Amino acid sequence: MTEVALRFSGAIRRNAPSPLLSLALIPMAIIFVLVLVMFWISLQKGVFGTPSAIYTLGNYRDVFTDPLLYRVITNTLIFTVTTTLCAMLFGLPIAWLAERSTIPGKTLIYVIMTLGLLIPGIYTAMGWTMLAHPRIGIINRWLVEWFALDAGPINIATPIGMGFVQGLSLSALAFILTAQMFRAMNPSLEEAARVHGMGYNKILWRVTLPLARPGILAAVIYILTIGVATFDIPAILGLGNRVYMLSTFIYLKVHPQGAGLPEYGITGVVGAFMIIVAGLLTLWYGQVLRQGHRFEVVTGKGYRPALIPLGKWSIAAWGFIALYAFISKIVPLLLIAYAALTPYFVTPSYEMMRQLSFGHFYGMDWQLVMRGLTNTALLVFVVPLAVLLLAFSLSWLIVRSPSRLRYALEFGAFLPQALPEVILSIGALLLSLFVLGTTIPLYGTVWLIAIVYVIARLAFATRALNGALLQIHRELEEAAFVAGLSNLRTAWRILFPLIRPTLFSVWIWSALLVYRELTAAVFLAVHDNITLPAVIWSYWYGGNINKASAVTLLMTLVLAPFIFIAWYFGRRSQVSLN
Amino acid sequence: MLATKLFALMIAVFILAAQARAATLAEVIEGAKKEGSIRGQWGQNSFGGSEGFQEILAGMNKKYKLNLKGQYTPGPDMQRLMLRVIQEAAAGQPASTDVYLGNSQAIFDGLKANLFANTTYDKFIENKPKPEGKFHAIAPAGTHVAFATTVVGIQYNANLVKGSDVPRRMADVLNPKWKGKIASTPYAAGLREFATPDFLGREKMIDYTRKLSKQIAGLMRCGESERITSGEFLMLVFTCGGNDVNVLKRTGAPIGHTVVEEGTVLHMRYAAIPKNSRAPNIAALLVNYLMSAEGQEMLWKYDGMDLHLFPGSQTKRELDALRAAKGKIVTSSPEWLASSKGYAETQKELEAILREGGK
């Protein structure tokens, strides 16, 4: 009888439209419009919105007949694969250590991984220039001196070198995307394997990793798409050495600098190409989702996560984490502090250390900094809440709905991730200027930036929530439905408590990603809506790395304690839930 | 008797002229009072950035006895800002910046889009420079005003490039000792101007750029001086102007700027008032201020540049030395760009050569 009731309730549930659908369709509509604008831009040359604009396929011809393009694609592939491998190499084991082992100091691990988001990518790139640049890198200079070499053997300015640096900075994302998956994993399967005499290595390869596969693949796909579009590392390390990625190729095309106005049609063409890439990646991910029920481990029956004892291996584990922290966080932070306190930027030396001062802090335009900080604070508060609400609606439909519409939702949620953010920004800019105009006066406001941020962060949030929801068996919701709860109450009373750690992680990571977000902020900044990262960027781009570093250092020191507090209370609530 | 009549005539002319000038400037000042505040947007590396804006505002308030308010927001590069203002005008929105300050290429693009208000600069600018040949700082049509000059040359690390190593001629940077140690810009700054018929010509510069492209280690933007001071690159061939070096040298940074014997290009900086400016009178007053002695001093202090047409100009001294050495000087202005056929195409070709390593 119970089984019949469950099947019947499942049938009713499947056939009734979910109220979450209305929420999920809001971002889908915005994404659809922005993609249309992107195609429209791709077919125009000249200044959009003025009589000089003409319709043409010339942008497609310019891009696909550029002999540089094929070298760019090759470089980008190598760079992206290296980025992903490096990010997973650090992020995945650290996530496993933080969630599935008895390693001490787990809150500190979360703080270390999160702190990196406060550091703009430009400093990571500059730090590695100081370390491993073929001409001025300190490591190369030591090696040349010690081994009497003709030239430094390490060259960070190659697709593999840049991929390594980018991977370091994206390890934090790999960490957070896989940590929640490990947290929700039922260890009873691993225990059963141990009872049958399997060693830890075999358990890892035969049980743990297969169970973790959807979450790992979600992280891999997400990081792959970031790697394709990322700009800061390729610009600092690659552009200066004529090693081009797709992002710097676009940059050169749309920043003619001295021979006419920027033409955004090129970005539209690249966006069109990236939609195909996004489609292929979504198909791949969709296959993983279809088999997702095999990985459901949080059920109505007893769920009790157990931890793998590390014993003396804790020391080696912390050694690994410390090494990662040093090369990815401490080196850039030291560089930021150095640049903030020296009068001008040269390679660190004893002479420069004697010239340290707070001069750049006194000469700062604090009114401008506070304007940026106010806008950023507002965005950090509003955007993650909107992201959580919309992403939960999308993820629930993607993971639970039997309708084929879920594939479209999955593709739509992922699409902004695949498109370079400059394309979303251009689309939003032109929409607000020429379509919404003064009727809906979004142009030049912080709300326009908020909308772009929410759209851009959906892919990350849905990835994380998909992984968490996949781990929860449907029978919990079906039992709730049989008991008379509506979808919304089921979500609130059953699902939210179970995925609370994931919700908290998504909230804090979204907040930090919003804090450091740059592309849209720079593009859409007019006057009143400038954000703090845009202020920092304006100093750096304007050649004043010292002032940029001063602001960054101050904000990092101010925010670091808050991050620690947030993770401390967040993880305590997770422990009490368990 | 005759002397008396002449004197009276002079007084009359002076009074009339004073009334006309004062009346026009007075109208601008009155208009500025009503407007009350101005929004300015340009890059942090231009015209002193936010500090420069505050200085200009304070200077205007002091000089014209006003209490104007202002808000500065760092903007994108000059081309992108011009594009934005053009699109804002097309969409019926107020301009992001009430006064546009930028380079000759951006002004040229703005003129093509019919963006600028025709302003009677000639009537109210108090400190008017004399024309230099065909070059007029104040455009006869009243659309734009040149207020500063930067001189294109080679930037170098003064600790690592010294004495006879400092390049004097274009060919000096092709010395094998610099191979893999110097940089150029992704937009062929300097090279594109040298390729015009007024200078060395297209074929010669294409050939030179191919050799330079094989010589350089990579590309960097103008304004990324830390890549020179850090030693990542020993030289930048060529700069967008030596003004940032003028400022950096005062901090003790190991950086220098030199002009080659073949000549140089003067990259002018212009002011113009968009038609969709919210505060055209304050904008006009700002332009007047930039042309004043105080404004020129402020520009030199914050941005290492001033207008070479004024006697006593710091930039003029540098140019006088070059003229004495018989170097060629070309002024890059919107009018000059309009007359340079094939300029944009040649630039694209040079950019491609630099990007692809001289192939």
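Analyst: A residue counts as buried here if 20 or more other C-beta atoms lie within 10 Å of its own, as exposed if 12 or fewer do, and as partly exposed in between, with C-beta atoms placed from the backbone. By that count, 52% of the 578 residues in chain A are buried, and for chain B the share is 56% of 359 residues. Keep in mind that this is a predicted model: local features need pLDDT of at least 70 and side-chain atom pairs count only at pLDDT 80 or more, while totals for chains, interfaces and linings use all residues. As for labels, residues are numbered from 1 along each chain as its sequence is written, with chains lettered from A and ligands numbered from 1 in the order in which they are written.

Let's zoom in on B:Ile154. This residue sits in strand β5 of chain B, residues 154-157; strands are DSSP E runs of at least two residues and helices are H or I runs of at least four, numbered from the N terminus. B:Ile154 is buried, since 24 other C-beta atoms lie within 10 Å. Contacts are pairs whose C-beta atoms, placed from the backbone, lie within 7 Å. Setting aside neighbours within four places in sequence, B:Ile154 is in contact with B:Pro167, B:Val173, B:Met235, B:Leu236, B:Val237, B:Phe238, B:Thr239, B:Thr258 and B:Val260. B:Gly241 is 87 residues away in sequence, yet its C-alpha is 8.7 Å from that of B:Ile154.

Now the sheet. Strands pair here if DSSP finds at least two bridges between them. β5(B) and β8 of chain B (residues 235-237) run antiparallel, with three bridges, and B:Ile154 stands opposite B:Val237 in β8(B). Those two belong to an open five-stranded sheet with mixed pairing, in the order β7-β6-β8-β5-β9 of chain B. Its edges are β7 and β9 (255-258), each of which pairs on one side only.

Nonpolar side chains do tend to be buried together in soluble globular proteins.

Stepping back, chain B has 14 helices and eleven strands. Its radius of gyration, taken over C-alpha atoms, is 22 Å, close to the 21 Å of the globule rule (2.2 Å times the number of residues to the power 0.38) for 359 residues, so chain B is as compact as a globular protein of that length. Its C-alpha trace spans about 75 × 55 × 40 Å along the principal axes. For contacts in chain B between residues at least 6 apart in sequence, 80% join residues at least 24 apart. Chain A, for its part, has 26 helices and two strands.

Lastly, where the chains touch: 57 residues of chain B and 43 of chain A take part. On the chain B side, α3(B) gives the most, with eight residues.

Definitions and conventions:
Contact = placed C-beta atoms within 7 Å.
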